[in-house]
Amino acid sequence: LAELEADALRDLELTAHPREPWLPPQRIGGAPILDVLIIGAGQCGLAVAHALKRDRVDNLLVLDRAAHGREGPWTTYGRMRALRSLKDQTGPDLRFPSLTYQAWHEAAFGREDWERMRWIPKELWNDYLLWFRRVTRIPVRNQVEAGAISPARTDAGLPALRVETSEGPMFARKVVLATGQEGVGHWWMPEHLAALPAAFRAHTAEDIDFRALRGKVVAVLGAGASAMDNAAVALEEGAAEVHLFCRRAEPMVVQPYRWLTFAGFLRHLGEMPDEWRWRFMSYILGLREGFAQDHYDRVMKHANFTMHVGRPWESARIEQGRVVLGTPSGEFRADYLILGTGVRMDPAARPELAHCAHNIAQWRDRYTPPPEEANPRLGLFPYLDQNSAFTEKRPGETPWIADIHLFGIGTTMSFGPSGSSINAMAISAPRLAAGVTRGLFAQEMPRLYAELRAYDMKQVEIDPARLARPGLAAE
């Protein structure tokens with residue numbers, strides 16, 4: 001690993017051109033401010049920070065509310081055993097060979113171990129991200145909660161943002177929200193299930209005491225990957241029975257994200273007309289995220305596991321200390337419910353967006369699909385500009401939101417799986433970084449033009465005695 005770290009530092013040094021900084025320090029009230037504040041130090045935040053540092057945006061900081069090593073789902077609510085992506089993927093490394101997961105794994109465990117491994121264990125991916133963050137020298141401050149963002153101005157009159165945090169206000173010219181799955185919304189469950197007492201149900205993203213489910217009948221809603229993972233853990237911890245309910249007549253066995261992993265789609269979908277962006281992503285998201293064979297085998301080896309298809313939960317009530325679920329094929333009784341119902345886009349649910357959520361444009365504000373492609377859930381996704389920044393529902397009311405950029409699942413309708421897929425990061429993180437630097441350059445143009453006019457660094461010394469001028473005889 002020491003040799004790999006030396007190689008990585010050498011690669012970063014060799015590719016550091018241009019080396020000169022181009023953003024002068026800015027101040028508010030005489031105090032220095034950041035050029036970019038990134039909220040979220042998981043894989044998305046690290047990828048964006050790495051891309052910005054490559055563009056000499058060095059005055060940045062990454063915040064995360066979690067403790068060191070607990071950023072992201074890998075050691076918290078992610079209950080898979082391994083990543084679902086192929087092991088030879090590239091991600092936050094941005095295609096630097098010495099920064100890839102494979103290079104780290106081979107250095108840590110050997111080439112033979114890499115060859116034997118089929119999927120990347122989630123804990124090792126978490127360890128890799130911590131190593132990556134250290135080697136790339138990305139500044140991260142843990143256990144800091146970010147709050148509401150509002151507009152501000154630098155002492156030079158440039159646009160800036162004020163971010164309330166648990167350590168007091170911070171100021172930056174640009175903010176990147178890299179807060180993962182719930183970045184522009186919240187973990188969601190149907191109202192009739194949310195109305196149940198919390199002691200009887202939990203979302204897959206919540207802390208669940210699986211040992212307390214030993215000997216219990218557990219019902220899981222959803223047939224996606226996270227629902228399958230939670231069903232597996234309940235079985236492994238000794239649940240008496242686990243029943244997984246799928247509203248579809250057939251479970252989803254195709255993973256469309258494998259199809260779209262090519263440069264044409266990942267790089268250019270966001271440049272296409274709205275009707276094509278909607279058409280592609282509404283079809284892909286309509287399929288939902290399927291589970292892999294390993295996930296299926298993990299639950300099917302238990303004789304006390306049952307998958308119910310074509311059986312949604314239409315009602316729920318508590319009766320004699322148990323949950324009674326109403327389904328099209330009769331009632332079902334369980335001791336505990338686990339809900340793999342995903343995320344719903346809702347800017348008003350995010351404390352960071354408290355001052356602007358009402359004016360963030362969503363896809364339903366910009367595009368009306370044909371009836372056969374309509375999907376109200378997808379219409380709630382934010383409609384982002386070319387810089388992956390929020391746009392206004394009513395122009396002129398909150399123009400400062402153009403300096404809030406998004407890198408997470410909320411970008412999906414505008415750019416495809418750019419901020420929610422490791423495989424997309426080598427393309428999507430530099431694209432977002434370019435959006436940030438585009439805005440910073442636009443703000444700096446008057447100063448930069450004056451600087452250009454004043455630029456007088458000579459690269460050649462001319463001998464005036466050797467110049468022939470019109471009207472003078474040559475010596």
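Helix 1 (2-14) and helix 2 (43-54) each contribute at least two residues to the lining of the second largest pocket. The model is predicted. Its protein chain holds 15 helices and 19 strands, and 51% of the 475 residues are buried. The C-alpha trace spans about 110 × 55 × 45 Å along its principal axes.

**The second largest pocket**

- The volume of the second largest pocket is about 330 Å³.
- Its lining consists of 13 residues, and Leu12, Ala16, Lys53, Arg54 and Thr136 are the ones nearest the centre.
- By class, the lining residues of this pocket are 7 charged, 4 nonpolar and 2 polar.

**Salt bridges**

- Side chains of opposite charge can pair when their charged atoms come close.
- The count of salt bridges comes to 32.
- Asp35 and Arg173 form one of them, with an N to O distance of 3.9 Å.
- Asp35 has a relative accessibility of 3% and counts as buried. Arg173 is buried as well, at 0%.
- Asp35 and Arg173 also belong to a network of salt bridges that includes Glu444, Arg447 and Glu451.
- A salt bridge joins the side chains of Glu236 and Arg298 at 2.7 Å, N to O. Glu236 is in helix 7 (residues 225-236) and Arg298 is in helix 11 (residues 293-300), so the pair connects parts 62 residues apart in sequence.
- Glu236 is partly exposed at 33% relative accessibility, whereas Arg298 is buried at 9%.
- Glu319 and Arg333 meet in a salt bridge of 3.0 Å, N to O. The two residues are 14 apart, with Glu319 in strand 14 (residues 315-319) and Arg333 in strand 16 (residues 330-334).
- Glu319 counts as partly exposed, with a relative accessibility of 30%. Arg333 is also partly exposed, at 35%.

- Trp259, Phe262, Met272, Trp276 and Phe280 make a nonpolar surface patch of about 500 Å².
- Trp276, one of these residues, sits in helix 10 (residues 274-287). Its relative accessible area is 41%, so Trp276 is partly exposed.
- Arg279 is in helix 10. The relative accessibility of Arg279 is 32%, so this residue counts as partly exposed.
- Arg279 and Ala374 are 95 residues apart along the chain, and their C-alpha atoms are separated by 9.7 Å.

How values were computed:
Residues numbered from 1 in each chain as written. Predicted model: local features only at pLDDT ≥ 70, side-chain atom pairs only at ≥ 80, totals over all residues. Heavy atoms only, no water. 1 Å grid on protein atoms, 1.4 Å probe; cavity = no way out; pocket = protein on both sides within 12 Å on 5 of 7 lines; lining within 4 Å. Points joined across faces, edges and corners; volume = space filled by probe spheres on them. Helix = DSSP H or I, 4+ residues; strand = E, 2+ residues; numbered from the N terminus. Nonpolar A, V, L, I, M, F, W, Y, C, P; charged D, E, K, R; others polar. Patch = residues over 30% accessible without salt bridge, like charges linked within 9 Å, V, L, I, M, F, W, Y side chains within 5 Å. Areas by Shrake-Rupley, 256 points an atom, 1.4 Å probe, with all protein chains shown as cover. Salt bridge = Lys/Arg side-chain N within 4 Å of Asp/Glu carboxyl O. Buried < 20%, exposed > 50% of the residue type's maximum accessible area, 1.4 Å probe, protein only.
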